[in-house]
Amino acid sequence: MPRPPAPDIFSAIENIYTPRQRHVLLIASILGLAGLMLFGLAQYLTAFLAAGILFVVFRPLWVALVHRRRWNRQLVTIGILVLTVVVLVIPFYALSSMLINRLIVFVQNPDQVLDVLHRVEQATGVKLTEQQNARELLQQSAGQVSRWLTTLASSALNVVLVVGLMLFTLYYLFMQETYFLIGLRRYLPFRAETMDELGESLKNTVQANVLGQALVALVQGTLTGLTLWIGGVPDPLFWGVVAVFMAFIPMLGTPLVWGPAALYQFAHGEKAAAIGILAAGLIVIINIDNVLRIFLAKRMGDIHPLVTLIGLVLGLEIFGIIGLVVGPLLVSYFLVLMEVFRRENRAARVAAAAREAEGKPGGGAV
């Protein structure tokens with residue numbers, strides 16, 4: 001058998017690529033592998049995004065306890081994870097369970113909705129729909145709800161995996177905080193000042209669209225619960241909590257709660273209560289949303305309301321509920337990078353003009 005060539009022979013083999021071509025192919029290989037990894041992790045991307053957002057939200061607390069007061073970083077990290085589960089995961093799970101139970105009751109008793117429709121028709125004298133058509137519509141809705149419930153049950157394991165991956169990622173973001181921040185500076189293709197601008201934009205967007213939106217939702221949910229309680233609607237506390245979660249949905253939000261509640265009261269002959277609920281919803285609850293959202297977006301994050309609106313529509317379409325934060329962040333990053341591009345192009349033109357002026361006799365200034 002022929003003997004393998006000595007290692008020195010390989011070092012003498014000529015590479016077919018120029019240094020520039022190797023550089024371009026290296027970048028292409030990195031981007032290709034990154035794209036392949038993103039494609040493989042696409043269904044769990046929400047977990048990583050949520051972990052990054054929570055890292056920004058809790059980092060001031062982390063810095064205060066670990067860097068300033070010298071508390072044990074592992075205990076602080078575990079405390080943050082427990083706080084995340086208690087404040088976010090458990091309430092969301094409890095509310096989802098209660099809503100699912102009520103949907104099951106709706107599926108099993110569609111005649112209750114028909115009864116409300118009949119009461120509204122009797123009170124207004126307006127024929128809303130034929131009974132047969134209404135019954136068919138309710139049966140179709142019940143079938144759709146049943147399919148949703150089946151989907152939710154089958155995706156329960158995926159939800160557990162996403163939440164677990166989010167908590168696992170958040171744990172290592174805090175435990176390896178220094179290496180993570182150094183890695184961002186080292187591997188992202190931006191200057192130091194651009195990284196500072198992107199970091200400031202991230203902080204502002206998270207403050208305006210997480211903390212600010214949470215405050216808006218809490219105020220709206222509280223006002224909705226109080227309105228339903230004053231209006232005599234059954235179980236106002238539960239529906240007030242539902243309104244807190246509904247308030248995160250742009251343009252729809254709390255009207256999905258107090259609108260049907262007003263209809264319910266009207267159908268049961270409580271016309272004054274129904275009118276009061278509608279008036280409070282249209283005059284107070286909706287407008288407090290608009291006023292607070294714009295004020296907090298400007299006050300907490302200096303974010304233009306149009307950026308928030310476009311980002312919300314974009315984010316919800318691509319990322320779902322997590323897009324409430326990611327969408328405005330994408331728009332903010334786009335604007336920051338466009339400003340960086342404009343500034344660096346201008347600096348390049350000024351530098352080129354200066355070099356050209358220095359090359360001329362006399363070196364006159366431009």
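**Notes on the cores and salt bridges**

1. Glu-339 and Arg-342 sit three residues apart in helix 14 (residues 323–359), so about one helical turn separates them. Helices here (H or I, at least four residues) are DSSP runs, numbered from the N terminus. The two side chains form a salt bridge, with the closest N and O atoms 2.6 Å apart. That term means a side-chain nitrogen of Lys or Arg within 4 Å of a carboxyl oxygen of Asp or Glu. Glu-339 is partly exposed at 33% relative accessible area, and Arg-342 is partly exposed at 40%. For these labels, buried is under 20% relative accessible area, exposed is over 50%, and partly exposed is in between (1.4 Å probe, protein chains only).

2. A word on the model. It is predicted, so local features need pLDDT of at least 70 and side-chain atom pairs count only at pLDDT 80 or more, while totals for chains, interfaces and linings use all residues. Residues are numbered from 1 along each chain as its sequence is written, and side-chain values use heavy atoms, with hydrogens and water left out.

3. How many salt bridges does the structure hold? There are three. Another of them joins Arg-59 and Glu-177 (2.9 Å, N to O). Arg-59 belongs to helix 3 and Glu-177 to helix 8 (residues 177–187), so this pair ties together parts 118 residues apart in sequence. Arg-59 is partly exposed at 27% relative accessibility, whereas Glu-177 is buried at 2%.

4. Helix 8 also supplies Arg-185, which pairs with Asp-196 of helix 9 (residues 192–230), so parts eleven residues apart in sequence are tied together. Arg-185 is partly exposed at 44%, as is Asp-196 at 43%.

5. On to the largest nonpolar core, which has 21 residues; among those touching the most other members are Trp-62, Ile-80 and Leu-170. Such a core is a set of buried Ala, Val, Leu, Ile, Met, Phe, Trp, Tyr and Cys residues joined through side-chain atoms within 4.5 Å. Helix 3 (45–68), helix 4 (73–108) and helix 7 (156–175) each give at least two residues, and helix 3 has the largest share, ten.

6. Leu-170 has contacts (heavy atoms within 4.5 Å) that include Leu-54, Phe-55 and Leu-81, not counting residues up to four places away in sequence. A second, separate core has twelve residues, including Val-233 and Ile-285.

7. Is Thr-254 buried or exposed? Thr-254 is buried, at 1% relative accessible area, in the loop between helix 10 (236–246) and helix 11 (255–267). Leaving out residues up to four places away in sequence, Thr-254 touches Gln-220, Thr-224, Ala-243, Met-246, Ala-247 and Ile-285.
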